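This report covers the overall make-up of one chain and then a single element in detail. The sequence and the model come first.

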Amino acid sequence: MASEFEVLADLLANLPSREGYPPIERYRDFRKVFGTAEGKRALDEIVSWGRILRSPVLGKPIDPYAMAVAFGERNMALKLIAAVYTEPVDKPEKQSRKKS
């Protein structure tokens with residue numbers, strides 16, 4: 001019989017890809033979720049877990065595996081902040097010049 005973790009891992013592995021998720025739609029979704037008072041508190045908690053303002057070096061001797069985990073957590077928190085607070089800029093349409 002599969003454990004709860006194995007069932008969850010299987011479900012996560014089979015999630016559909018979001019390749020067609022436009023950046024502006026992602027920005028609006030994240031702003032909607034994290035724009036409420038509850039969402040801001042949750043975002044603050046997630047960012048604190050990411051140790052953004054603290055050193056990723058956790059002790060001596062330096063453990064490269066623990067440091068890699070800390071960098072991964074930090075990177076995820078930074079990506080989340082960028083998704084919430086950085087509105088994507090639409091690229092200008094390619095302009096064709098008339099030849100005179």
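Which helices are included in what covers the buried residues of H3? The sections below lead up to that point.

## Overall make-up

The model is predicted. Its chain holds four helices and zero strands, and along the sequence the pattern reads α-α-α-α.

Of the 100 residues, 14% count as buried. The chain has an accessible surface of about 9100 Å², and carbon and sulfur atoms contribute 59% of that area. Taking contacts between residues at least 6 apart in sequence, 63% join residues at least 24 apart.

## Helix H3

Helix H3 spans residues 37–49, 13 residues in total. From its first C-alpha to its last, H3 reaches 19 Å, close to the 18 Å expected at 1.5 Å a residue. Just after H3, Arg51 takes a positive phi of about 50°.

Gly39, Leu43 and Val47 are the buried residues of H3. Seen down the helix axis, the buried residues of H3 fall within an arc of 70°, so they line one face of the helix. In an α-helix there are 3.6 residues a turn, so residues three or four places apart point the same way.

On the face of H3 turned away from this buried side are the exposed residues Glu38, Arg41, Asp44 and Trp49.

## Cover over the buried face

The opening question can now be answered: the cover over the buried residues of H3 includes helix H2 (23–34) and helix H4 (64–85).

Note on methods: Residues numbered from 1 in each chain as written. Predicted model: local features only at pLDDT ≥ 70, side-chain atom pairs only at ≥ 80, totals over all residues. Heavy atoms only, no water. Helix = DSSP H or I, 4+ residues; strand = E, 2+ residues; numbered from the N terminus. Buried < 20%, exposed > 50% of the residue type's maximum accessible area, 1.4 Å probe, protein only. Contact = heavy atoms within 4.5 Å. Areas by Shrake-Rupley, 256 points an atom, 1.4 Å probe, with all protein chains shown as cover. Expected span 1.5 Å × (residues − 1). Arc of directions from axis to C-beta.
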